[in-house]
Amino acid sequence: MDYKKTIAFAIMSLFFIQASFAQKKQLDHTVYDDWKSLSNISVSDDGRFAATIIKPQEGDSKLFIQDLKKRKTFEYNRISTYNLSPDGKQTVALLKAPFADTRQAKIDKKKKEEMPKDSLLIINNETFTYYILPDVESYKTSQELGNYVAYKTSIEPKTATMPSDSTVATNDSIESKPKKKSSAKKKDVLILHNLSTQIQDTLQNAKDYTFNKYGNAFATIIEPEKKDSTNTPGVLFIDLDNYSKKRISNEIAEYKSLSFDEDGKQLIYLATKDTSKIEQKVFDVRYFSNQADSAIILANTSSVELPNNWIFNENSNPYFSKNGKRVIIGSAPKQAPKDTTIVDFEVATLDIWHWEDPYLQPQQLKNLSRDLKRTYSGVIELDKDNKFTLLANEDIPYTTISDENNGEYALLYTNVPYRIESQWGQSKYDAWLHSFETGETTLIDTAMPSPPSFSAQGNYSYWFDVNEGHWFVYDNKTTETVNITKDIPVNFWNEKHDVPSEPRPYGMPIWGKDDAYMLVYDAYDIWKIDPKGETKAINITQSLGRNDSITFRYLNTDREKRFVEPQETLLLQAFDNKTKESGFYTYKPKSRRNPIEKLVIDKYTFSTITKAKNSDVIAYQKSNFNTSPNLYVTSNWWKTSGKLTDINPQMKEYKWGTPELYSWTSYTGEPLEGVLYKPEGFDETKKYPVMIYFYEKHSDNLYRYMPPAPSASTINIPFYSSRDYIVFTPDINYTVGQPGQDAYDAIVSGAESLAKNSWIDKDNMAIQGQSWGGYQVAYLVTKTDMFKAAGSGAPVSNMTSAYGGIRWSSGNSRQVQYERGQSRLGTTMIESLETYIDNSPLFFADKINTPLLIMHNDNDGAVPWYQGIELYMTMRRLEKPVWMLQYNKEEHNLMQRRNRKDLSIRMQQFFDHYLKGEPAPVWLTKGIPATEKGKDWGFKLDVESDNNNLTH
């Protein structure tokens with residue numbers, strides 16, 4: 001091609017590019033519902049099949065299965081959940097009623113029994129043929145999806161006595177066949193369906209039911225209706241290998257908490273013959289072996305040694321250890337019965353707050369249901385004549401047992417002596433080690449900053465001491481404690497920790513086989529450490545992380561794996577802290593020359609890594625800001641990879657944006673980073689309005705995908721970028737005692753630096769944040785007038801009143817948040833009232849000249865909503881332009897989708913008005929009186945008003 005043709009081609013290319021931009025649409029609020037995401041990714045053990053759910057934000061989800069061997073795809077709409085069998089032979093999926101039908105039924109206020117019904121979809125993955133089981137109320141499969149599925153349904157009384165074995169049709173039209181209406185009430189039944197033969201068994205009066213892990217055993221509780229005098233309660237066991245049934249309990253009793261061992265050879269459950277309506281009944285523990293004909297009473301309050309007035313109750317929930325040789329079960333003091341002679345309306349109702357309560361009354365009330373159900377763990381050793389050992393009690397309530405409950409040891413620990421001081425200080429624990437072999441209990445230590453954990457196979461107990469900044473290992477046999485990191489010349493505590501409390505470690509260690517070694521993280525690298533401290537630690541990533549600013553972390557792709565083999569190839573996640581790229585390396589201990597090998601590092605986010613158990617096939621999501629997440633697969637450690645889905649093809653129809661790292665120097669002289677999102681088709685000869693969103697740090701999110709979605713509380717970045725805003729998300733570095741000033745030094749300096757660019761409309765910049773970000777917004781507008789408008793969600797405006805409040809979502813005191821937490825004041829209000837006042841926007845509200853939109857909801861469990869009210873009332877009294885959106889019965893972040901959509905529209909209208917000069921809506925110019933609530937939402941643009949008056 002000659003020069004002229006090249007120029008012509010380039011000009012035509014530019015024309016088509018510009019035309020492409022011109023033709024692309026801006027995102028609007030109608031796009032949300034159909035924007036899709038992936039969930040529940042799974043791969044068969046042999047790596048042949050990969051599956052996922054493609055889920056719109058609102059509407060019907062879709063099941064996607066790919067046969068990677070035959071390169072064939074199966075898709076089916078309206079699937080919300082599914083189970084892919086480990087061998088890949090079949091899939092069981094819940095086929096939801098159509099979203100539109102369910103929505104209409106809700107509008108029509110249909111009764112529960114008239115609502116559209118779900119179904120089950122059974123798929124043969126070899127051929128992708130399928131059939132449907134209609135009218136499914138609920139269903140269960142075994143963890144490993146054996147040959148059966150059990151589901152609840154309702155049938156006509158005349159068919160409720162159908163033969164136990166029947167077959168189901170094998171076509172997909174069953175679901176939509178019209179059914180004759182019947183005036184008779186339907187009967188609930190449980191159907192056990194064979195996935196291979198399609199023979200199914202209808203079980204009458206079946207309530208709770210369960211499979212063992214591998215799906216070769218099944219049990220259900222039979223509970224006849226009160227009018228049914230022909231049947232008695234009981235427990236039915238079915239051996240699914242030969243489909244033989246045994247009625248293993250037949251007494252008139254209440255049965256609960258069925259639990260198998262993994263192999264399905266043993267079953268444990270609770271039973272009581274007390275059929276009265278008392279609040280708390282005494283249960284016994286029933287045990288069944290598949291070699292027996294019936295269950296036996298394994299333990300009750302008479303046969304085991306429990307403290308006085310302790311019982312097994314309905315919350316005792318017994319279960320087997322991994323090897324099936326032990327039963328772990330809870331017991332508790334019997335609660336005093338309620339005095340039924342008390343007349344409720346003649347007695348006081350109150351809460352008494354005592355200064356020596358270990359927990360505050362709101363916290364007690366928040367946890368009341370849990371505490372009433374609390375039990376304390378004990379162990380029945382089946383291979384030791386059913387010996388019972390009570391491990392926990394009210395003074396030492398917590399326990400864990402080593403080696404998946406198979407091991408020799410149990411850790412016992414308590415925070416009871418320290419509960420009051422831990423309300424505002426550091427957590428502390430006393431810990432002991434109990435030996436099942438000797439029966440001895442040995443003190444490990446007192447006032448520990450965290451409870452110890454067991455090594456993979458229980459030879460050691462270990463913990464991170466936040467005061468020392470080191471990992472400690474306790475040898476469970478020798479009772480010796482070793483500081484295993486003291487001689488390694490790097491820190492193992494989080495060096496970026498910037499709140500006034502003790503820094504935590506970089507995640508939990510990974511153990512080697514036989515507890516021979518630990519893999520421990522520093523900020524960048526991974527260290528192989530001898531738990532005895534006898535041999536020198538080895539940096540298995542060879543300081544590549546620290547030298548190149550790459551953070552390495554081990555990626556366990558097998559959920560049942562608890563340790564790594566000595567010569568196992570390890571898959572490592574890698575994040576480049578400079579470029580923000582991510583990817584994977586491998587560590588190959590067999591390779592002495594180059595054990596660390598880079599597989600892929602790219603400008604993408606890799607997530608939901610799912611590996612086949614018996615092959616190198618890995619399914620994963622890959623995305624960045626400009627690229628929608630999709631399902632990919634590799635079978636050769638990223639030498640090659642394939643894209644399986646295209647879930648948001650509509651994205652190419654819309655303008656998006658381009659992120660880039662932006663660097664500047666703060667007012668304190670610190671170098672800072674942030675992410676700058678430029679609109680698609682960015683033209684440096686134009687001037688763009690700017691939205692600045694912040695919380696703490698965002699630069700690591702450079703390659704993060706954000707779908708257009710209605711806002712729970714913050715601006716949606718691609719939405720504003722698509723609509724020709726520049727969006728800036730600056731990082732903030734914090735010190736102690738001046739979080740507001742720290743935010744100012746970072747954000748305002750970043751905004752000033754940005755404003756020096758000719759393409760920035762410095763007169764039309766706005767800030768927005770939620771919660772901690774909302775506080776910072778409120779603080780900033782008391783210190784600067786450089787922002788045209790501001791949005792503050794759930795702000796703390798007055799730290800003096802917030803300090804003594806309650807975090808209602810947990811019932812905890814808010815004091816610790818200011819003294820040792822995110823608010824970073826580092827002192828009590830008594831010690832330094834001035835610090836609390838200086839960091840409170842409320843006391844400087846007279847300096848605010850920026851129009852402020854507050855959102856604070858009346859069911860906010862994180863920041864008391866009176867904080868928003870205080871700021872609103874003060875600004876209103878000062879005649880400052882302020883609005884507060886209070887979503888009724890809503891949380892800290894909006895939970896109801898309809899409210900999220902509403903907020904998204906109002907934020908756009910607010911910022912478009914102030915930054916782009918668009919007409920203001922009625923709700924902004926005039927408000928909505930209570931008399932018009934639910935009739936008029938005020939979205940209509942008020943073209944008649946003088947909108948300039950909004951700025952005062």
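## Basis

The model is predicted, so local features need pLDDT of at least 70 and side-chain atom pairs count only at pLDDT 80 or more, while totals for chains, interfaces and linings use all residues. Residues are numbered from 1 along each chain as its sequence is written, and side-chain values use heavy atoms, with hydrogens and water left out.

## Nonpolar cores

A nonpolar core is a set of buried Ala, Val, Leu, Ile, Met, Phe, Trp, Tyr and Cys residues joined through side-chain atoms within 4.5 Å. Buried means under 20% relative accessible area, exposed over 50%, and partly exposed in between (1.4 Å probe, protein chains only).

The largest core has 48 residues. Ile692, Phe694, Leu754, Ile767, Leu780, Tyr818 and Leu852 touch the most other members. Helix α8 (residues 739-755) gives the largest share of this core, 8 residues. A second, separate core holds 39 residues, including Met706, Ala789, Leu903 and Tyr914.

## Helix α8

Helices (H or I, at least four residues) and strands (E, at least two) are DSSP runs, numbered from the N terminus. Helix α8 is mostly covered, with 15 of its 17 residues buried.

Contact means heavy atoms within 4.5 Å. Not counting residues up to four places away in sequence, Leu754 touches Tyr662, Leu676, Val690, Phe728, Trp759 and Ile760.

## Cavities

A cavity is a set of points, on a 1 Å grid over the protein atoms alone, where a 1.4 Å probe fits but cannot get out; lining residues have an atom within 4 Å of a point. Grid points are joined across faces, edges and corners, and a volume is the space filled by probe spheres set on the points.

The model has 3 cavities of 30 Å³ or more. Two or more lining residues come from each of β52 (789-793), β55 (852-855) and α14 (897-916).

## Two single residues

Trp310 is found in strand β22 (residues 310-311). It counts as buried, because its relative accessibility is 9%. Beyond its neighbours within four places in sequence, its contacts include Thr301, Pro333, Tyr376 and Leu390.

Arg877 is in helix α13 (residues 866-877). At 69% relative accessibility, Arg877 counts as exposed. Arg877 and Asp846 lie 31 residues apart in sequence, and their C-alpha atoms are 9.8 Å apart.

Conventions:
1 Å grid on protein atoms, 1.4 Å probe; cavity = no way out; pocket = protein on both sides within 12 Å on 5 of 7 lines; lining within 4 Å.
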